[in-house]
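Here is a report on a protein model with several chains. Look at the sequence and the structure first, then read on.

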Amino acid sequence: MYLFNLFTASKIIDIGSFQLAFLSLDMDILSSYVFMVVCAGTMILAAAAGAIGTISVLKGQSLIGDAIGHSAYPGVVIAFMIGMALDPLKLFIGAIISGAIAFALIQLISRHSKLNLDATLAIILSSFFGLGMVLKSYIQGHEAFAHVSQGGLKNYIFGQAAYIKNADVYLILAVAIPSILIFIIFYKEFKVFIFDETYAKSIGIKSNFMYALMLVITMGLIATGLKVVGAILISSFLIVPAITAMQWAQQFNRVILIASLTGMFSAFLGTYISSIYPGMSTGPSIILVMSLIAFLSMLIGPRGILAKYFRRRKFINDKSNV
Amino acid sequence: MINLMFKLSNFIGLGEQILITMIITAIACALLGCFLVLRKLSMVTDALSHSILLGIVIAYFVTKDLGSPFLIIGAGIFGVFTVYSIELVANTGLVKNDDAVGIIFPLYFSLGVILISMFASNVHLDTDIVLMGQTIMIPLYTTEFLGIVLPKSLLNMSIILLINVIFILLFYKELKVSTFDPQQATLSGFKSTFLFYCLMALSSFTAVSAFDTVGAILVISLFIAPSASAYLITKDLKYMLIVASLYATVNSIIGYYVAVALNVSISGMVAVISGLTCFLTVLFYENGVVTSLLRLRRNRRQLKLDLVIVHIGNHLGQESEQLELGFDSIANHLSWKQERSSKTLKRLIKENYIVAEQVKKIFILTEKGQERYDLLKTQYGL
Amino acid sequence: MSNKTIIEVEDLTMAYSDQPVLWDNDVSIVENSKTAIIGPNGAGKSTFLKGILGLLPTLSGSAHFMGKAYKEVQAEIAYIPQSSEVNWDFPTTALDVVLMGRYVHLGWIKRPSQKDKKIAEQALAQIGMSEFKNRQISQLSGGQKQRVFIARAIAQDANIYIMDEPLAGVDKNTESIIMDFLNESQKQGKTSVVVHHDLNTLAEYFDHLVIINKRIVAQGKMTKVLTQENLENANMNGDYGLDVSV
């Protein structure tokens, strides 16, 4: 964050100037190189996650993303321990492997025992994340790692978007573009698969294949998102824009588009806010914006709380007029 | 005066104090966890444990003292508010219950993180502590109670455990009914919503109190893992509560000693061990993955034998018997690979269920086979 | 109506893990028939349909459609699952759902064309749902939803219709629209296999019958198979409280 403060030191004064700074987007910040890199990273990630998150939310698997996000963390630490460095690609692979193991365990337990999915997720999430913390404390207490800088490891828990570098943006692109491409190529199949799995099977769409695809693209995004938003909050990048979009659109393609756009917009605004105010971490700021948009949508959307209220009032009025 | 005071640390080592606090915390969580698992509220604990961070921050802004009991009360109330918000969002019908959890807790957690980093960064509220607690510091903060000097967390958690036990004992019948059949409970006069919020309030207070010793993530594990394990191997709520407490104790002991031996995070290790014992239970209990897989294989082998017996019994004496039961054609008719069918047929011949009839070149049932066929017909109502 | 067999099921045995659900069933469905499948709860009717369509693993046996394996002719067969298996929260319109019936004819990546859209709209018109084409699927009534699924089957332009309880919980109007459709299809030479639950309308709606209770109790022409004895053999006498002295 302090990197930013250098660029924006003159702009951070007090809460009172919030609205002013807000209304006239600060050109100094917008045109600063660091801001552009961070913004590009978060926006691409949020756009892709927003689109692909609609699959897991509509398939009723939103909390699996949360569990996988937490479970990816020990993989990051192990990758660090093996590589002795914070190479984004290696940590990404570590995250993917440990997330995949967690996913396999979740499937194994929830399919073959009478434990429900909910309990399974809670157990996997906490034990994997616990393992991450154990490994992290091992590194901290172990002399073999004493000479290696490990401060960055913490960033994978809470995310530290401010440290996004060009290499990270490339990684995000390298994951986001294939994910979106897979989604586009199999759009039709995803649609039938989510809506009516039995019928999908009857016309030759293999469920296992679709689940695998879904897992691959979701996990890729989660693993890349760890550095930006952290293991704890990454799932909201998948869930929250989808919820917003479902308040507005009634067709799958529009839901995807709106989710993607709200994700992107929240990422921009969140990054901007966090670069104006010291201490506002980028990931949480983005999620704050995302959630507020979601709640607003639930309030004023066409099927939202207000619409329902007015419909009911109209109904009562009409009745009393008759 | 000081000399007259009973100091726990004079009798029990610092490490053991940590362990005892851990066990008491684990049992307090596991007891409530049983009801959460049975009510399919496991992921609500995830939301709860993350959200109370915001509760603690807000309460801290008011009390300005991390040690204040009001902090626990304030954060506890906020936990209940979290559950209420989830219910509120889910009840609009605009999102599913899971999604409501998935949207509420990131919001509260984000707010908590932002508030800490903006206004409270000088306070001793490190994010590591948030997640993993300060298990190792337990014996350092002591307090005096009835003339005994003991760790503050130990006192707090003992009180919480006592409250939880009393609550369960008092409302055992009501909790049981409302857990298994909420509608029936409301009909027979118990307010199940009231009980639900009582349960959630206690969970919230337990989580908040456990929070600064074991942290947000371990709280989830303490609530759910022992109770889920107990749920698998017991058939009665009473036993489930007892077994869950046993699991909680064993997990804490193993986790503690392993962590000390390796010099790693105690609370993290207890979470790992809890996950591990639960996983082992899933694999090996009576209907576990491994045990039932073995049984399944055995039964399916028998089922295949029975299947052929029924097939032969059904077609024997029909016009089509030559085709259906012929030496070469039977495998085809069952759509089995030659290898698989010859293996099964050999077994059947060896066990004297069928014989190869050489004139018609078909398989027929022996007397024993006929008996089995009749038995199967009655057994499955064919 | 010829007596040619269009679906040939041989020695089908199915099990859920180690619990057998269906035992060694041989079934022949006559071409161009309207065949009903009945049986008590838990008799394995849905399982039977899923087994022959390859949606659930089978322990033994095979099913052939027009002499071929299901995979080779899946475009020719339209299946309508039980409505409970559908994700009603999915954001999609009635027309969109019907359009899914065209997917089996499209390759990978290819999107439905204008021609496909036209076919879908015609299918909706045929079952009297044109005015609802842009309505979100979750906002339709039970009967309307079922009609949309019929339209999806129509759009698939299949030769065989396999339906799992399409008349369960629908209104009278929908019921007669669905039956009109089945009758019309029969005139066009098509075959339908329908799991049915109402003994009162059985003889009126269908011309062939398969009675299942874990095994095939009876099958053949309606007039021959629908007897008190067969129903009792399938444990169906008390189930519907019906006097079957017809």
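How many residues does the contact take from chain C, and how many from chain A? Chain C gives 33 residues, and chain A gives 25 residues. The model is a predicted one.

Together, chain C and chain A bury about 2,800 Å². Carbon and sulfur atoms hold 60% of that area. Three residues of chain C stand out here: Phe90(C), Pro91(C) and Tyr103(C). They supply 23% of the area that chain C buries against chain A, more than any other three residues.

Charges also meet across this contact. There are two salt bridges between chain C and chain A. In a salt bridge, the side chain of Arg152(C) meets that of Asp196(A), at 3.0 Å from N to O.

Which elements give two or more residues to the side of chain C that touches chain A? They are helix H2 (94-99) and helix H4 (142-156) of chain C. H4(C) gives the most, with three residues. By class, this side of chain C has 16 nonpolar, nine polar and eight charged residues.

**Where chain A meets chain B**

Now turn to the other contact. Here 59 residues of chain A touch 58 residues of chain B. The two chains bury about 4,900 Å² between them. Of this area, 74% is on carbon and sulfur atoms. In chain A, the residues that lose the most area to chain B are Leu63(A), Lys114(A) and Phe158(A). Together they make up 12% of what that side buries.

How many salt bridges are there between chain A and chain B? The count is zero. Polar contacts are present, in nine residue pairs with both residues at pLDDT 80 or more. Several helices of chain A give two or more residues to the side that touches chain B, including helix H4 (33-58), helix H5 (62-83) and helix H7 (117-141). The largest share, 17 residues, comes from H7(A). This side of chain A divides into 34 nonpolar, 18 polar and seven charged residues.

The table sets out the two contacts.

| Chains | Buried area | Part on carbon and sulfur atoms |
|---|---|---|
| Chain C and chain A | about 2,800 Å² | 60% |
| Chain A and chain B | about 4,900 Å² | 74% |

**Inside the chains**

Chain A has 15 helices and zero strands. Of its 322 residues, 63% are buried. Take the contacts in chain A with a separation of 6 or more: 76% of them are between residues 24 or more positions apart.

Chain B has 17 helices and five strands. It has 382 residues, and 56% of them are buried. Among its contacts between residues at least 6 apart in sequence, 67% join residues at least 24 apart.

**The nonpolar cores**

The largest nonpolar core holds 277 residues. Which residues touch the most other members? They are Phe190(A), Phe237(A) and Ile211(C). Helix H12 (residues 207-248) of chain A supplies the largest share of this core, with 24 residues. Another core lies apart from it and has 28 residues, among them Leu53(C), Tyr70(C), Val73(C) and Ile77(C).

Look again at Phe237(A). Beyond its neighbours within four places in sequence, Phe237(A) is in contact with residues including Thr42(A), Leu45(A), Ala46(A), Val229(A), Ile286(A) and Met290(A).

**Two residues up close**

Asp168(A) sits in helix H9 (residues 166-185) of chain A. Is Asp168(A) buried or exposed? Its relative accessible area is 7%, so Asp168(A) is buried. Leaving out neighbours within four places in sequence, Asp168(A) touches Pro88(A), Tyr163(A) and Lys227(A).

Phe92(A) belongs to helix H6 (residues 88-112) of chain A. Phe92(A) counts as buried because its relative accessible area is 13%, and the cut-off is under 20%. Not counting residues up to four places away in sequence, Phe92(A) touches Leu171(A), Val175(A), Gly220(A), Ala223(A) and Thr224(A).

Note on methods
Residues numbered from 1 in each chain as written. Chains lettered and ligands numbered in written order. Predicted model: local features only at pLDDT ≥ 70, side-chain atom pairs only at ≥ 80, totals over all residues. Heavy atoms only, no water. Core = buried A, V, L, I, M, F, W, Y, C linked by side-chain atoms within 4.5 Å. Buried < 20%, exposed > 50% of the residue type's maximum accessible area, 1.4 Å probe, protein only. Helix = DSSP H or I, 4+ residues; strand = E, 2+ residues; numbered from the N terminus. Contact = heavy atoms within 4.5 Å. Buried area = accessible area lost by both parts, 1.4 Å probe. Salt bridge = Lys/Arg side-chain N within 4 Å of Asp/Glu carboxyl O. Nonpolar A, V, L, I, M, F, W, Y, C, P; charged D, E, K, R; others polar. Polar contact = N/O pair within 3.5 Å; in protein donor to acceptor, adjacent residues only side chain to side chain.
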